[in-house]
Amino acid sequence: MRVLSVQQPFATLIVRGVKRVEVRSWETDYRGRIAIHASAAVPPHEIQRQWYDDRAMGRSFADQGWLDREDLKALPRSAIVGTVELAGVDTGGWDPARSAKDRLFSFNPITDIHELIERDPHTGESRRVRSPLQPLAATFKPSDFLWALRQAVEIEPIMEVSGRLNLWNLNEELSRRVAEREEKAQAGVWRPPQADRKRRAESLKQWRERWLSALELDVRAIEESVRQKREARSLEFTGDVERRFQETLARYLAENGVEQGVGAGHVRLDRRLRRVFDGRKTVPRAELELELRRYVKREVERERVLARERQRRRRLMKLLLELRKRRKYSDPPQTDRQIKAKVEEVLEQVLDRVDRGEEDDEDIWTTVTSASL
């Protein structure tokens, strides 16, 4: 098995699917699964400065529950920590000789990140690789090579393994041990350590205090207060979406088949879906359909909701700022609590009208704001 040595904490971020682009000054013709080796080097002091100066990196580290450099030093080193698929190698600079269909990354203007893309096996069209994890941004020069990494699997670390330069080979015994631990991780027999909830909460709190303005923090608190009062979205589809979902599910079942000998109505999952089901290889058909409905609903809604929330947040920030400017003209002067309550009232009225089927547009905001103020 081929191996790539990476310094911590980035080795751990790769096998957890957070770091999907590895920047190297050299390329390789190899494609396929590789093991990720955490080198012996202690995370340098320089990473603490990057951590505090980079908003995206700070959020990624906070999600892991890391508070300081001591957390990074506690990560396994001189160890093989997981495996990942090397999907390809792209160039840091734009090569006009290469067609768009040959590229492995696309620029997302919303996240300001070059994101990994894949090809639809049926249409050949490119699409962004979706994940619930926020990817770690990659910094690179035009002369660099970008290694596209996907399908990461974190394994129980194999300690006391010395690293090497470039892409190197494991001996037969270590390759066997990596394969065994990869299988255990995919089957859910071994699970990666979870971030301590208190440390993660504290780390996220520090990140918010560093990066979010007081105005945005107030708006986020208002949003959370309103969100907690609202019901969960339904998992049901309607119209054409339901028809396409049923066709896709039927095609998947036809391609993979209902396995014999594992129980009636069970389906064997391919590698793409095993991570959704905690590494299990077979699941009941009914459970597969239910989880896919949840997954599709989340993914379809996520993009739409994010765009709507960004626009809504801008409007709320504008409204909150305007109310604070007007405060000195009111008699008696309004308190911060009264102003925030007014903004909550506006948001509630807007969401009520959206629930009745009205479009969340400028006309609703103008009408509701004028009536409330």
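Predicted model: local features only at pLDDT ≥ 70, side-chain atom pairs only at ≥ 80, totals over all residues.

Student: Which residues of helix H2 are called buried, and what makes them so?

Tutor: In H2 (residues 46-53) they are Ile 47, Gln 48 and Trp 51. Buried means under 20% relative accessible area, so each of the three falls below that cut-off.

Student: How do you know which side of H2 they sit on?

Tutor: Their arc around the axis is only 105°, so they share the same side of H2.

Student: What do the buried residues of H2 pack against?

Tutor: Helix H1 (10-15), helix H3 (55-63) and helix H4 (69-73). Contact here means heavy atoms within 4.5 Å.

Student: Why are S2 and S9 called edge strands?

Tutor: The open sheet has six strands in the order S2-S8-S4-S3-S1-S9, with mixed pairing. Strand S2 (21-24) and strand S9 (167-169) each pair on one side only, which makes them the edges. From one strand to the next, the twist averages 45°.

Student: What makes S4 and S8 a pair?

Tutor: Pairing takes at least two bridges, and S4 and S8 are joined by ten, so they qualify; they run antiparallel. One example is Asp 90, whose bridge partner in S8 is Leu 146.

Student: And what lies across S3, S4 and S8?

Tutor: Helix H5 (residues 172-187), which runs at about 90° to S8.

Terms used. Residues numbered from 1 in each chain as written. Heavy atoms only, no water. Buried < 20%, exposed > 50% of the residue type's maximum accessible area, 1.4 Å probe, protein only. Helix = DSSP H or I, 4+ residues; strand = E, 2+ residues; numbered from the N terminus. Arc of directions from axis to C-beta. Axes fitted to C-alpha atoms, helices over the stretch in contact; angles between N-to-C directions.
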